[in-house]
Amino acid sequence: MDVLSMRWADVLVASWPVDPEVVAGRLPDGVDVDIHDGDAYLSVVPFVMENIRPRGLPSGVGRTFGELNLRTYVTVDGRPGIYFFNLDATDALGVRVARRLFGLPYYTADMRIERRAGGALAVRSTRTHAGQPSLAFDATYEQAGACSRATPGSLTAFLLERYRFFVASEDGTVYQGTVDHDPWQLADATLDVRRNDLFTANGFEQPAGSPHIAYSPGVDVTAGLPTVV
């Protein structure tokens with residue numbers, strides 16, 4: 001049952017192809033790597049979490065904060081979803097709740113996502129969570145072109161049109177959650193990365209080549225609480 005409402009705004013999904021074995025070796029038992037045309041993908045995703053609140057309450061009472069995550073694409077018992085390696089966020093209360101109740105890999109960070117003159121978005125994030133690997137990210141991204149729905153079967157659809165997520169707690173328990181929203185409205189985007197520690201902080205080498213990039217101005221979302229798989 002959906003219990004939370006929110007909006008994901010100014011979402012960038014920058015996705016690098018990698019050997020499936022690179023990802024498979026980092027997944028817990030029962031979580032299988034998903035591939036597209038023979039490749040697994042690791043995606044860096046900065047965005048603004050707007051007005052997260054209990055479902056039914058007006059948007060003005062919600063919390064808004066920046067979030068930055070590294071994710072990949074998986075199946076569990078044949079169900080496609082997203083698997084998160086880390087979720088860095090500026091909302092200290094939300095981080096504490098997610099870690100205390102579920103042991104999820106949320107970490108506090110000093111993060112700013114600001115729109116510059118002309119429309120580009122600048123994101124800077126520095127992890128501040130004590131006892132965790134350092135992680136800094138500094139980039140600028142900007143929409144390039146009109147938005148449309150992803151073509152079914154395309155790489156963009158493979159990366160974005162997923163409505164279930166999985167994550168492992170520190171004790172190895174795998175949780176799943178579901179989200180509900182309209183199909184993504186997506187556009188191409190430009191991306192200038194000045195620093196990106198997400199791969200090294202999560203034990204990966206920096207993938208070679210250029211990423212596949214998708215941008216969305218935002219989508220309204222409802223979500224349920226995570227449950228044990």
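The model is a predicted one.

The interior comes first. In soluble globular proteins, nonpolar side chains tend to be buried together. The largest nonpolar core in this model holds 37 residues. Within this core, Leu42, Val44, Leu70 and Tyr83 touch the most other members. Strand β1, which covers residues 4-18, gives the most to the core, with five residues.

Neighbours within four places in sequence are left aside here.

Nine aromatic pairs are found in the whole structure. Trp16 belongs to strand β1, and Phe199 belongs to helix α4 (residues 198-201). The two residues are 183 residues apart, and the pair links distant parts of the chain. Both Trp16 and Phe199 are buried. Elsewhere, ring pairs join Trp8, Phe47 and Trp184 into a cluster.

Charged side chains also pair up. The whole structure contains 10 salt bridges. In one of them, Asp34 is bridged to Arg162, with the closest N and O atoms 2.9 Å apart. Asp34 sits in the loop between β2 (32-33) and β3 (40-54). Arg162 sits in the loop between α3 (155-160) and β9 (164-168). The bridge therefore ties together parts that are 128 residues apart in sequence. Asp34 is buried, and Arg162 is buried too.

A further salt bridge joins Asp88 and Arg127, with 2.9 Å from N to O. Here the partners lie in strands: Asp88 in β5 (residues 79-89) and Arg127 in β7 (residues 121-127). These parts are 39 residues apart in sequence, so the bridge ties them together across that span. Asp88 has a relative accessible area of 0% and is buried. Arg127 is buried as well, at 11%. Both values count as buried because the limit is under 20%.

The bridge between Arg194 and Asp192 has an N to O distance of 3.2 Å. Arg194 is partly exposed, with a relative accessible area of 39%. Asp192 is also partly exposed, at 43%. This bridge belongs to a network. Through shared partners, salt bridges join Arg124, Asp138, Asp192 and Arg194.

The surface carries a nonpolar patch of about 260 Å². Leu93, Val97 and Leu101 make this patch. Leu93 lies in helix α2. Leu101 is in helix α2 too, which runs over residues 92-102. Leu101 has a relative accessible area of 57% and is exposed. Leu93, at 39%, is partly exposed. Leu101 counts as exposed because its value is over 50%. The C-alpha atom of Leu93 is 9.2 Å from that of Thr108, which is 15 residues away along the chain.

Two backbone angles complete the description. Asn51 has a phi near 55°, a positive value in a residue other than glycine. Asn51 lies in strand β3 and is partly exposed, at 23% relative accessibility. Asp77 also has a positive phi, near 55°, and is likewise not a glycine. Asp77 is located in the loop between β4 (63-76) and β5. With a relative accessible area of 67%, Asp77 is exposed.

Conventions:
Residues are numbered from 1 along each chain as its sequence is written. This is a predicted model: local features need pLDDT of at least 70, side-chain atom pairs count only at pLDDT 80 or more; totals for chains, interfaces and linings use all residues. Side-chain values use heavy atoms; hydrogens and water are left out. Patches are made of residues with over 30% relative accessible area and no salt bridge: like charges are joined within 9 Å, nonpolar side chains (Val, Leu, Ile, Met, Phe, Trp, Tyr) within 5 Å. Accessible areas come from the Shrake-Rupley method with a 1.4 Å probe; for residues, only the protein chains shown count as cover. A salt bridge is a side-chain nitrogen of Lys or Arg within 4 Å of a carboxyl oxygen of Asp or Glu. Helices (H or I, at least four residues) and strands (E, at least two) are DSSP runs, numbered from the N terminus. Buried means under 20% relative accessible area, exposed over 50%, partly exposed in between (1.4 Å probe, protein chains only). A nonpolar core is a set of buried Ala, Val, Leu, Ile, Met, Phe, Trp, Tyr and Cys residues joined through side-chain atoms within 4.5 Å. Contact means heavy atoms within 4.5 Å. Rings of Phe, Tyr and Trp (its six-membered ring) pair if their centres lie within 6.5 Å; planes under 30 degrees apart count as stacked, over 60 as edge-to-face and the rest as tilted.
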